[in-house]
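Colleague: I have a chain to go through with you. Can you show it, and then take my questions?

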Amino acid sequence: EVKGQPGSVRVYAPPPADSQGSAVEAQPTARKSFFRVQEVDFMWSNNGAAVLILGSSDVDATNQSYFGESTLHFMRSDGQLDCKVPLDKEGPVHDAAWSPNSEEFVVVYGFMPAKATIFNASKCEPKYQLGAGPHNTVRWNPWGRFVCLAGFGNLPGDMKFFDRKADGKYKIVGATRAA
């Protein structure tokens, strides 16, 4: 934001290979405006079809958090869908990560104990709840079958491992503590 004007994010298609540096003004394929956001982090899906935009501000206008506020938005690169990720618990967004197959993503959010939810990448709808706990980190294995929820930093180091079954549900397969 600058002088009361909202910040914005725009996605552009790459120029054609034969353009040879022509100065044609490109039009964005997708755009989103943001209020109360000072900086953003982009988390692109592996196939580049969508991006998660984590916006944050040092000041929480609602005075609910000393650490500022954060918001998570979903945007498809073709401009067909852009929305705020529907999180059902108040509090900050701790982490988000795309599955390597780009079909889904996990978000860890809310005041502690934080919730973890898997969303589908086509419509940004909740797909599966992984539960709540002292988590602030999420990681996928390279093939997108296993996901780990962990709590590091000022949290005790609890880690939970989930396996995606053939029916699309997730089952906890192990837990440990890495203090």
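Predicted model: local features only at pLDDT ≥ 70, side-chain atom pairs only at ≥ 80, totals over all residues.

Colleague: How many helices and strands does the chain have?
Modeller: Elements are DSSP runs numbered from the N terminus: helices are H or I of at least four residues, strands E of at least two. The pattern along the sequence is β-β-β-β-β-β-β-β-β-β-β-β-β-β. The count is 0 helices and 14 strands.

Colleague: What share of the chain is buried?
Modeller: Buried means under 20% relative accessible area, exposed over 50%, and partly exposed in between, with a 1.4 Å probe and protein chains only. The chain has 179 residues. The buried share is 40%.

Colleague: Which residue in E4 is the bridge partner of tryptophan 44?
Modeller: E3 and E4 (residues 50-57) are antiparallel and share 6 bridges. The partner of tryptophan 44 is valine 51.

Colleague: What is the order of the open sheet that holds E7 to E10, and where are its edges?
Modeller: The sheet has 4 strands with antiparallel pairing, ordered E7-E8-E9-E10. Two strands pair on one side only: E7 (93-98) and E10 (126-133).

Colleague: Which residue in E9 does valine 106 stand opposite?
Modeller: E8 (residues 104-109) and E9 (residues 114-120) pair over 6 bridges, in the antiparallel sense. Opposite valine 106 stands isoleucine 118.

Colleague: Where is proline 113, and which residues does it contact beyond four places in sequence?
Modeller: Proline 113 sits in the loop between E8 and E9. With 43% relative accessibility, proline 113 counts as partly exposed. Its C-alpha is 7.2 Å from that of histidine 135, 22 residues apart along the chain. Contact means heavy atoms within 4.5 Å, and the partners of proline 113 are Lys89, Ala132 and Gly133.

Colleague: Which residue takes a positive phi in the hairpin of E11 and E12?
Modeller: E11 (residues 137-140) and E12 (residues 146-150) run antiparallel, joined by 4 bridges. Arginine 139 has cysteine 148 as its bridge partner in E12. The hairpin has 5 residues between the strands, and the one with a positive phi, near 80 degrees, is glycine 144.

Colleague: Is aspartate 163 buried or exposed?
Modeller: Aspartate 163 lies in strand E13 (residues 158-164). Its relative accessibility is 3%, so aspartate 163 counts as buried.

Colleague: Which side chains make polar contacts with the side chain of aspartate 163?
Modeller: A polar contact is a pair of N or O atoms within 3.5 Å; within protein, one must be able to donate a hydrogen and the other to accept it, and residues adjacent in sequence count only if both atoms are side-chain atoms. Among the residues in contact with aspartate 163, leaving aside neighbours within four places in sequence, are Phe146 and Tyr170. Another, at 3.1 Å, is with lysine 165.

Technical notes
Residues numbered from 1 in each chain as written. Heavy atoms only, no water. Pairing = 2+ DSSP bridges.
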